[in-house]
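Q: Please take me through the reading of a few features in this model, beginning with the sheet.

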Amino acid sequence: MIRLFKVKEKQRELAGNANGGAPTKKQSAGELRLHKDISELNLPKSCVMSFPNGKDDLMNFEVSIRPDDGYYLGGTFMFSFQVSPIYPHEAPKVKCKTKLYHPNIDLEGNVCLNILREDWKPVLNINTIIYGLYHLFTEPNSEDPLNHDAAAVLRDNPKMFEANVRRAMAGGYVGQTFFQRCL
């Protein structure tokens, strides 16, 4: 039975070549689901998706978020997404490429978002993740931090936190750490 499938697969490949087309690469279930998710995206105007490796590489893309509310108003923040072939059974790997002062994003770009970790479920999708990331900018969470210093300042002195965020986004130092301008 297994041989039969291999023979049929080979026949399809040869038929594709005979028609002048390149052999078609079989898409993984993860690629098919991701294609569906992307086609159904309903992003806010402040979020833009791009494919730096071209549209043929759906499994690696970037999303830029420009919050229109909260402490991070006016900043532009870039996130890279790496999607596993077993998506949606495994959450995408998401990294923030913009160095920022944030309680839930550390200086290496790791993101603390529960739906990317323990609360991931296959019913969730890319749209949900992007809205979750956007929510981190409108409502930073000092209770589940990756950057403990930023979380402590947010919790203990929100005015100082706001000043630190503005200084970092304008391109400057917060403590001993330098941040590139992202306004």
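This is a predicted model: local features need pLDDT of at least 70, side-chain atom pairs count only at pLDDT 80 or more; totals for chains, interfaces and linings use all residues.

Q: What is the order of the strands in the open sheet, and how are they paired?
A: Strands of a sheet pair through backbone hydrogen bonds, either parallel or antiparallel. Here four strands form an open sheet in the order β1-β2-β3-β4, with antiparallel pairing. Strands (E, at least two residues) and helices (H or I, at least four) are DSSP runs numbered from the N terminus, and two strands pair if DSSP finds at least two bridges between them. Because β1 (47–50) and β4 (93–96) at the edges each have a single partner strand, one side of each lacks a neighbour in the sheet.

Q: Over how many bridges do β3 and β4 pair?
A: β3 (residues 77–82) and β4 pair in the antiparallel sense over four bridges. Phe81 stands opposite Val94 in β4.

Q: Which residues does the cis peptide bond join?
A: Most peptide bonds are trans. The cis bond here joins Tyr87 and Pro88, with omega about 10 degrees. Pro88 lies in the loop between β3 and β4.

Q: Is Cys112 buried or exposed?
A: Buried means under 20% relative accessible area, exposed over 50%, partly exposed in between (1.4 Å probe, protein chains only). Cys112 has 5%, so this residue is buried. Its place is in the loop between β4 and α3 (126–138).

Definitions and conventions
Residues are numbered from 1 along each chain as its sequence is written. Side-chain values use heavy atoms; hydrogens and water are left out.
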